[in-house]
Amino acid sequence: LLPNGRSYGLNVAASQAFALGNLGLQRVGGFAYVGEQPTYMQYTQGGVGVPGTGIGNKSIYRTGLIGMWYLKKYNLTTIFFHSGDSAYLGSNTPSNTTLPTGARAPTWNGGLFESNYVANPHLVLIQRYELVRMTRQVFASNPSNLGNMDVLTYGFRYYPFLSSRAGFAFHGEYANERQIGAAPVSGLNLSTSSLLGGFDFDF
C-alpha cells in the first residue's frame with residue numbers, strides 16, 4: 001500500500017461483557033474495516049512519486065472476532081481475522097494499467113493468542129502467538145503457503161512499585177518470526193529474532 005496517499009476507510013467495532021460464574025467478567029466482540037487505498041502516484045519528480053499524491057484507489061477489507069477470557073490469575077486474548085485486498089493492490093499494479101494475466105484478489109486469515117499470567121501484583125508474564133495463513137494467492141502459480149507467517153513472543157512486565165498517584169513498569173520481550181518465501185533476494189524462508197526492552201511511567 002502506498003504511504004501518504006489519498007485513502008478512505010470506515011472502522012467499526014463492538015463488544016459485549018458478561019459474567020461467567022466465579023471466573024468474573026469475560027468479553028467478546030467483533031470489528032471490521034473497509035476502505036480504499038491508492039495504487040499509483042498522480043505526480044512524479046525525477047521519476048519518483050511525490051508523497052501524498054496517491055490516486056487510483058482500490059478496495060481493502062479487514063474483519064474479525066475477539067475474545068478476552070479471565071481465569072483468576074490467568075487471562076487469554078484470542079483474535080481471529082479475515083482480510084482481502086484488490087487484485088491491483090495485491091499485485092502492486094497501478095489501476096491505470098492492465099492487471100497481469102492471472103492476477104486475482106488475495107485473501108488471508110490470521111489469529112492471535114496472548115496469555116498473561118499475573119504471578120503477583122508486581123509481575124506479569126506474557127506469551128503471545130501470532131499467525132497468518134494465505135487462503136488465496138495473487139497468482140495461482142504461487143506456492144499456496146507463500147507469505148504465511150508465525151511469530152512467537154515471550155515477555156514480562158514488572159512494576160517496582162504501585163501507587164494510586166503514579167506507576168512505573170519495566171517491560172521486556174523476545175520474539176521469533178518466520179515467514180515463508182519472504183527473503184528479498186533468494187525468495188527463501190525468512191527467520192528473524194528481536195529483543196525489546198523499555199519502561200513506562202504514568203502519573
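Which residues do ring pairs link into a cluster? The legends below take that up first, for what is a predicted model.

**View 1. A cluster of phenylalanines joined by ring pairs.** The members are Phe161, Phe168, Phe170, Phe199 and Phe201, linked through their ring pairs. The structure holds four aromatic pairs. Take Phe161 and Phe168: the ring centres sit 6.4 Å apart with the planes at 10°, so this pair counts as stacked. Phe168 also pairs with Phe201, again with centres 6.4 Å apart, but here the planes are at 55°, so the label is tilted.

View 2. Phe161 comes out at 37% and is partly exposed. Phe201, at 45%, is partly exposed too.

View 3. Tyr117 belongs to strand β9 (residues 107–120), and with a relative accessible area of 37% it is partly exposed.

**View 4. Asp150 and its polar partners.** Look for Asp150 in strand β11 (residues 149–162). Its side chain makes two polar contacts shown here: one with the side chain of Tyr129 at 2.5 Å, and one with the side chain of Arg133 at 2.9 Å. Leaving aside residues up to four places away in sequence, Asp150 touches Tyr129, Glu130, Leu131, Arg133, Asn176, Glu177 and Arg178. For a sense of scale, Tyr40 is 110 residues from Asp150 in sequence and 31 Å from it in space, C-alpha to C-alpha.

**View 5. Two loop residues with positive phi.** A quick reminder: most residues other than glycine have a negative phi. Lys72 isn't a glycine, yet its phi is positive, about 60°. You'll find Lys72 in the loop between β7 (58–71) and β8 (74–85), where it is exposed, with 65% relative accessible area. Asn92 is another non-glycine with a positive phi, this time about 55°. Asn92 sits in the loop between α1 (87–90) and β9, and its relative accessible area of 67% makes it exposed as well.

Definitions and conventions: Residues numbered from 1 in each chain as written. Predicted model: local features only at pLDDT ≥ 70, side-chain atom pairs only at ≥ 80, totals over all residues. Heavy atoms only, no water. Helix = DSSP H or I, 4+ residues; strand = E, 2+ residues; numbered from the N terminus. Buried < 20%, exposed > 50% of the residue type's maximum accessible area, 1.4 Å probe, protein only. Contact = heavy atoms within 4.5 Å. Polar contact = N/O pair within 3.5 Å; in protein donor to acceptor, adjacent residues only side chain to side chain. Phe/Tyr/Trp six-rings, centres within 6.5 Å; stacked < 30°, edge-to-face > 60°.
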